[in-house]
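Here is a short report on a protein structure. Keep the sequence and the model open while reading.

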Amino acid sequence: MTKQSIILVLFMSLWIPLKTIHPLHAQTSNNNLSSIESILEKKLLDPLRKKESERSKFSRALLPPTGRKIRIENNTPQTDPQGHSFISFSIDENRGYAVNPQKSDHQWLKNAIVGCMYPASGEVMVKRGNVFYPASILWGAQVTTASLVCQSH
Amino acid sequence: MKKISQMLLYCFFALGSILITLSSWVYFDFNERAPFLIEKLPLSFESLYIFALRIHVLAAALSLPGCLLLTSKSLLKRYPRFHRHFGRMVGFCILIALAPSGFYLALFARGGFAGTFGFWLSGGIVVWAMLRAIHEARAKRYARHRVFTFHVLGQLGVAVLSRAILVAFDSYPLNPDLIYLISLWIPVVGTFIFIEFFFSPTPFQFLHRRIYDQTINHSSSFHELVDPS
């Protein structure tokens with residue numbers, strides 16, 4: 001055996017176990033984050049975009065933004081007074097076509113939509129003023145306020 | 001050139017009025033909340049707000065096209081009675097429905113107090129100009145009546161101008177509240193100044209009169225001080 005092949009075998013004998021015993025909690029949190037974002041995309045942003053595409057431009061309501069991004073600052077679930085665990089999120093909006101969304105972070109309108117998501121049920125709540133509504137309020141559903149949600153116990 | 005520019009202006013406001021009216025039908029959908037209403041949530045008296053909004057939209061749908069029609073000189077010459085009766089109807093609609101509902105809705109305007117005050121100023125100009133227009137028409141001073149009705153039309157046209165500015169500024173990454181205030185205040189103040197300068201035979205006569213009255217009062221009190229007899 002040549003020296004290079006010995007070194008390669010040694011490297012592989014170390015690398016393969018390291019990959020297989022990679023801490024699961026790190027992978028789980030990354031996967032968890034991406035699954036939360038995918039749920040928010042599916043349950044909040046996609047219906048909202050669909051509704052906005054049908055809207056008239058000649059309303060006094062705010063015109064739809066050019067882009068949105070989900071921001072989850074703390075992906076550790078909290079527990080509300082009813083004992084359900086939730087994760088808070090914020091959605092930033094980008095307005096204007098003269099901005100490169102990837103570079104100009106300071107030009108994003110922060111916390112345009114704030115709310116929380118219940119991972120167990122997949123329910124998404126959004127905050128308007130000081131009260132919370134189901135996310136469907138944003139595309140016009142006739143829903144009422146929800147109490148004791150999105151507030152840690 | 002003047003006729004062409006006038007025609008273009010009327011077409012702009014007429015088209016804007018039609019587009020706004022068409023986009024306002026969403027406020028009459030009982031199964032859905034309009035985006036404009038969602039922005040205002042939470043509302044303490046949501047039913048009252050929706051009622052005022054519907055009254056305001058219906059009144060505006062009649063008032064703006066009605067005012068455009070009433071400014072037509074050919075219609076006035078051919079059908080003066082229609083002009084009088086329709087004018088009374090539009091004036092009634094503005095004073096009883098449009099302005100009061102607008103004053104209430106302004107309490108919830110975007111942009112905080114600046115937004116509320118901007119709408120109140122516009123509504124105040126509409127009410128003042130409408131009352132003066134009625135007064136001048138009854139006194140048969142038709143030139144002044146025309147100026148005041150142009151003020152009413154101008155302020156109603158703010159609805160079209162501000163939406164045009166909102167659409168134009170949409171491509172700029174500015175704070176939405178700032179854009180909203182700009183799109184409100186520039187048309188309100190600019191329209192008033194424009195109409196006073198270009199349509200009034202004596203621009204800002206009300207201001208000149210106040211200055212004149214105060215000057216006379218000061219000079220008469222000065223004379224009393226110098227020569228009490």
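## Contacts and make-up of chain A

In chain A of this predicted model, residues 24 or more positions apart account for 51% of the contacts with a separation of 6 or more; a contact means heavy atoms within 4.5 Å. Chain A has 2 helices and 6 strands, and their order from the N terminus is α-α-β-β-β-β-β-β. Helices (H or I, at least four residues) and strands (E, at least two) are DSSP runs, numbered from the N terminus.

Chain A has 153 residues, of which 33% count as buried. Buried means under 20% relative accessible area, exposed means over 50%, and partly exposed lies in between (1.4 Å probe, protein chains only). The accessible surface of chain A is about 9400 Å², with 58% belonging to carbon and sulfur atoms. Accessible areas come from the Shrake-Rupley method with a 1.4 Å probe, and for residues only the protein chains shown count as cover.

## How the model is read

Residues are numbered from 1 along each chain as its sequence is written, while chains are lettered from A and ligands numbered from 1 in the order in which they are written. Because the model is predicted, local features need pLDDT of at least 70 and side-chain atom pairs count only at pLDDT 80 or more, whereas totals for chains, interfaces and linings use all residues; side-chain values use heavy atoms, with hydrogens and water left out.

## Backbone angles

Most residues other than glycine have a negative phi, and most peptide bonds are trans. N111(A) is not a glycine, yet has a positive phi of about 55 degrees. N111(A) sits in strand β4 (residues 108-118) of chain A and is partly exposed, at 41% relative accessible area. L148(A), also not a glycine, has a positive phi of about 55 degrees. L148(A) lies in the segment after β6 (131-134) of chain A and counts as partly exposed because its relative accessibility is 43%.

In chain B, the peptide bond between L41(B) and P42(B) is cis, with omega about 0 degrees. P42(B) belongs to the loop between α2 and α3 (46-70) of chain B.

## Where the chains meet

At the interface, 28 residues of chain B are in contact with 29 residues of chain A. The buried area between the chains is about 2600 Å², and carbon and sulfur atoms give 58% of it. This area is the accessible area (1.4 Å probe) that two parts lose on being put together, summed over both.

The interface has 1 salt bridge, which is a side-chain nitrogen of Lys or Arg within 4 Å of a carboxyl oxygen of Asp or Glu. E32(B) and K51(A) form a salt bridge, with their closest N and O atoms 2.9 Å apart. On the side of chain B that touches chain A, α1 (2-23), α2 (35-40), α7 (142-169) and α8 each supply at least two residues. The largest share, 6 residues, comes from α7(B).

## A surface patch and a buried residue

V189(B), I193(B), F194(B), F197(B), F198(B) and F199(B) form a nonpolar patch on the surface, with about 570 Å² of accessible area together. Patches are made of residues with over 30% relative accessible area and no salt bridge: like charges are joined within 9 Å, nonpolar side chains (Val, Leu, Ile, Met, Phe, Trp, Tyr) within 5 Å. F197(B) is in helix α8 (residues 176-199) of chain B and counts as exposed because its relative accessibility is 52%.

T116(B) is in helix α6 (residues 112-138) of chain B and is buried, with a relative accessible area of 7%. Leaving out residues up to four places away in sequence, T116(B) touches A106(B), L107(B) and A109(B).
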